Number of protein chains: 2
Amino acid sequence: MTTTSVMRAEIAEQPAALRATLDALLPLTDDIAALGRETRQVLFIARGSSDNAAVYGGYLLQAHSGRLATLASPSIATTYGARIDLSDVLAVAISQSGKTEEIVDTMRWAADCGARTVAVTNGEGSPLAESADVALVTRAGTELAVPATKTYTTQLAALAVLALGLGAGLDRGELLGAPDAIEAALAQSDDRLDAIVDRLVGVQGAVVSGRGMAFSTALEAALKLKEACYLHAMGLSYADLLHGPIAVVDSGTPAILVAANNGPTLPGTVALAERVAAAGAPVYAIGGGDALADACDLSVPAPDVPEWLAPINLIVPAQILTEKLARRLGYDPDAPRGLGKVTQTS
Amino acid sequence: MTTTSVMRAEIAEQPAALRATLDALLPLTDDIAALGRETRQVLFIARGSSDNAAVYGGYLLQAHSGRLATLASPSIATTYGARIDLSDVLAVAISQSGKTEEIVDTMRWAADCGARTVAVTNGEGSPLAESADVALVTRAGTELAVPATKTYTTQLAALAVLALGLGAGLDRGELLGAPDAIEAALAQSDDRLDAIVDRLVGVQGAVVSGRGMAFSTALEAALKLKEACYLHAMGLSYADLLHGPIAVVDSGTPAILVAANNGPTLPGTVALAERVAAAGAPVYAIGGGDALADACDLSVPAPDVPEWLAPINLIVPAQILTEKLARRLGYDPDAPRGLGKVTQTS
């Protein structure tokens, strides 16, 4: 068993990757604004980690820019070959490689249906970047580990830039502080994460939940745990969890809850922690301040940032947790079974 | 341990519930068409099983009516209190009780934001039905078991009526055959399902997957298995499965694949079955004809119906499987732990 991994090194590169990405993309807000004036709503096209980034983009735009922003079903384009009226739509396609054919084809289909297009990709010169009206090319550098880390957080930063360009009432200066927040998250001792790793060894399944902006983090944390630790991790929103799946939590099925340290979704997340604990399940917190920590068995604190930026650093402890748990279980976090770096679906 | 359950009785009531629902709702297509002329796209508002019905509605409308149809994030309304431009939007709120405050509040918010509204509910006279421009009240009768069965399939029928009203190029006569198809599914011997139940005893987690129209069935089957059998069942689309979670399938984590007997998503589902089997995981089929059955270890056939109607009967074997597995495991399928019949989220 190795004692470190490429994944862990790439996790540590995130502050620099974010700074480079913001430097490159913030000058593009005027181009984004021009597309925004030609459209009324946003439709995200993505899969996997990129789809989790899209969930963040959806909440960000809807809560702060007054635009409807929802997720496309790519198979409507690629499998059903349907024609849909997409005039007034800004189609935002997200793919770290920019090469996944399903995503490239769906973005081109959207354009044929009347949409304007934005690409969010780490693949400079990729088919996705070349085909879009505006390309937001993240500057994560080459990512070698299969589980996306720095390509994911730079996607979130690109979506924050998109929101600014589309007129969201948010503070550009706060966004510039995001790399420092990740640095603060990385500087924390691993002791609290190690304690959670200890409890997750031998666990078969877990529920990962969050609400609003942090729902994206819950989905992404669950995906990381599935792909690198083969854990049956179910990423669920607070509300969806209560509509059925709450039944699965028990003493052997912990819940991991994610929340910003402030904002309108925190009280509901604390209440969920209390409900899960009352059901006899272990419950662990990432973020959520003292209120959430007090309601959970173990917790990892998050830096204080505005709620709209919290997902950019809240995922970092989950990335480290995944990397540590994978190695503890004897797996190679860099190369999970059955997965390659560019996923082709059609 | 009881040898039967209310859930099983309600599963058997579905042909009659569907017939009554179609009789009541098909005369409303003109009212739906009038709303359709005032709007350009559909936004679904739902949670839990109703959200899985909305996934079906989204594929149905997008593949066949030329309208964009996506899912809302209710917390944008209820937690963030955002204002979004929803002129041109037909908001379709789905709730079996019609009393879930989050759904009622979100539909009213959508109307305040400029949307026209449709309610799909089994709750005649409920706040949801009373608040909508057009109410599609399903005729499932009282449902006592907590896991939704007949209220779910009648929601699907209501969404098929919605699609017809919105001008989808689909055959009303085919829809009238849906109750007979459920009857055929119910008339099958339980032997094949019993063989799958035998294999699922002792299993901790499973992946349930499907594509396009059948994705809704995969999500609903996974929800049933989570809520009544406490199985870590992950409902995933074919494409999302390949973007990471495919890593979790192994000899102890079977896949259950769902597909119509025909249509454009079948070849991809067969290919997925082969890939899962190659990864060493057991794989079981619901529907998909001989092509899918041949690629799987065990299978349950489905009646031959047009692909757009397949989800209405494909869920039936999964309902029976859930009820049988719950009883085999010593659980009461009618009253899972932690759940009530009307879920309140806010």
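Colleague: At what angle do helix 8 and helix 16 of chain A pack, and how far apart are their axes?

Modeller: First, the ground rules: this is a predicted model, where local features need pLDDT of at least 70 and side-chain atom pairs count only at pLDDT 80 or more, while totals for chains, interfaces and linings use all residues. Residues are numbered from 1 along each chain as its sequence is written, chains are lettered from A and ligands numbered from 1 in the order in which they are written, and side-chain values use heavy atoms, with hydrogens and water left out. Now, helix 8 (residues 150-165) and helix 16 (residues 310-328) of chain A pack at about 170°, with axes 10 Å apart. Helices here are DSSP runs of H or I, at least four residues long, and strands are E runs of at least two, numbered from the N terminus.

Colleague: What makes helix 8 of chain A roughly antiparallel to helix 16 of chain A?

Modeller: The angle of about 170° makes helix 8 of chain A roughly antiparallel to helix 16 of chain A. Angles run from 0 to 180 degrees between N-to-C directions, with axes fitted to C-alpha atoms over the stretch in contact. Under 35 degrees is roughly parallel, over 145 roughly antiparallel, 65 to 115 roughly perpendicular and the rest oblique.

Colleague: Which residues of helix 8 of chain A meet helix 16 of chain A?

Modeller: Y152(A), T153(A), L156(A) and A157(A) of helix 8 meet P311(A), I312(A), I315(A) and Q319(A) of helix 16. Contact means heavy atoms within 4.5 Å.

Colleague: And why are helix 4 and helix 12 of chain B described as antiparallel or parallel?

Modeller: Helix 4 (residues 49-64) and helix 12 (residues 215-229) of chain B pack at about 170°, axes 8 Å apart. They are therefore roughly antiparallel to each other.

Colleague: What makes D180(A) and R19(A) a salt bridge?

Modeller: Their N to O distance is 2.8 Å, and a salt bridge is a side-chain nitrogen of Lys or Arg within 4 Å of a carboxyl oxygen of Asp or Glu. D180(A) is in helix 10 (residues 178-187) and R19(A) in helix 2 (residues 14-25) of chain A, so the pair ties together parts 161 residues apart in sequence. Over all chains, the structure holds 32 salt bridges.

Colleague: How many salt bridges join chain A and chain B?

Modeller: Six. One of them pairs E102(B) with R211(A), whose closest N and O atoms are 3.2 Å apart.

Colleague: How many residues of chain A and of chain B are in contact?

Modeller: 67 residues of chain A touch 67 residues of chain B.
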